[in-house]
Amino acid sequence: MCMALIKLDFYTAFRSNPVVLCLLPLFVISFSVSIIRYIQNGSKKLLKWQNICLWISIVCLVSFGIMRNIPA
């Protein structure tokens, strides 16, 4: 998936791992906000919306992992 993203081949990246590709912008935004907050005031604590997004992401990834491995 990473190699496909480096080549800007979004179709192949999506076919490799659709959930991670869909959650990638959320991860980038959340990580960027955390880095900016740490630089500005030294706070390592996540905001409430970041915690909610993190738990939703975990649930999505675990659910996808389970459903992907169920035989058709």
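**View 1. Leu24 is a residue of helix 3.** Helices here are DSSP runs of H or I with at least four residues, numbered from the N terminus. The model is predicted, so local features need pLDDT of at least 70 and side-chain atom pairs count only at pLDDT 80 or more, while totals for chains, interfaces and linings use all residues. Residues are numbered from 1 along each chain as its sequence is written, and side-chain values use heavy atoms, with hydrogens and water left out. Leu24 has a relative accessible area of 31% and is therefore partly exposed; buried means under 20%, exposed over 50%, and partly exposed in between, with a 1.4 Å probe and protein chains only. Between the C-alpha atoms of Leu24 and Leu61 the separation is 12 Å, and the two residues are 37 residues apart along the chain.

**View 2. The largest pocket is lined by residues that include Phe27, Phe31 and Gln50.** A pocket is an open set of points, on a 1 Å grid over the protein atoms alone, where a 1.4 Å probe fits, with protein on both sides within 12 Å along at least five of seven lines; lining residues have an atom within 4 Å of a point. The volume of the largest pocket is about 150 Å³, counted as the space filled by probe spheres set on grid points that are joined across faces, edges and corners. Helix 3 (18-41) and helix 4 each contribute at least two lining residues, and helix 3 gives the most, with 5 residues. The lining has 6 nonpolar, 4 polar and no charged residues. In this classification Ala, Val, Leu, Ile, Met, Phe, Trp, Tyr, Cys and Pro are nonpolar, Asp, Glu, Lys and Arg are charged, and the others, Gly among them, are polar.

**View 3. Ile66 belongs to a nonpolar surface patch of about 800 Å².** Other members of the patch include Leu46, Trp55 and Met67. Patches consist of residues with over 30% relative accessible area and no salt bridge, where like charges are joined within 9 Å and nonpolar side chains (Val, Leu, Ile, Met, Phe, Trp, Tyr) within 5 Å. A salt bridge is a side-chain nitrogen of Lys or Arg within 4 Å of a carboxyl oxygen of Asp or Glu. Ile66 lies in helix 4 (residues 48-68) and is exposed because its relative accessibility is 52%.

**View 4. Leu8 occupies the loop between helix 1 (2-6) and helix 2 (10-16).** Its phi is near 60 degrees, a positive value in a residue other than glycine. Most residues other than glycine have a negative phi. With 60% relative accessibility, Leu8 counts as exposed.

**View 5. Lys44 is located in the loop between helix 3 and helix 4.** Lys44 has a relative accessible area of 70% and is exposed. The C-alpha atoms of Lys44 and Val59 are separated by 23 Å.

Note on methods:
Accessible areas come from the Shrake-Rupley method with a 1.4 Å probe; for residues, only the protein chains shown count as cover.
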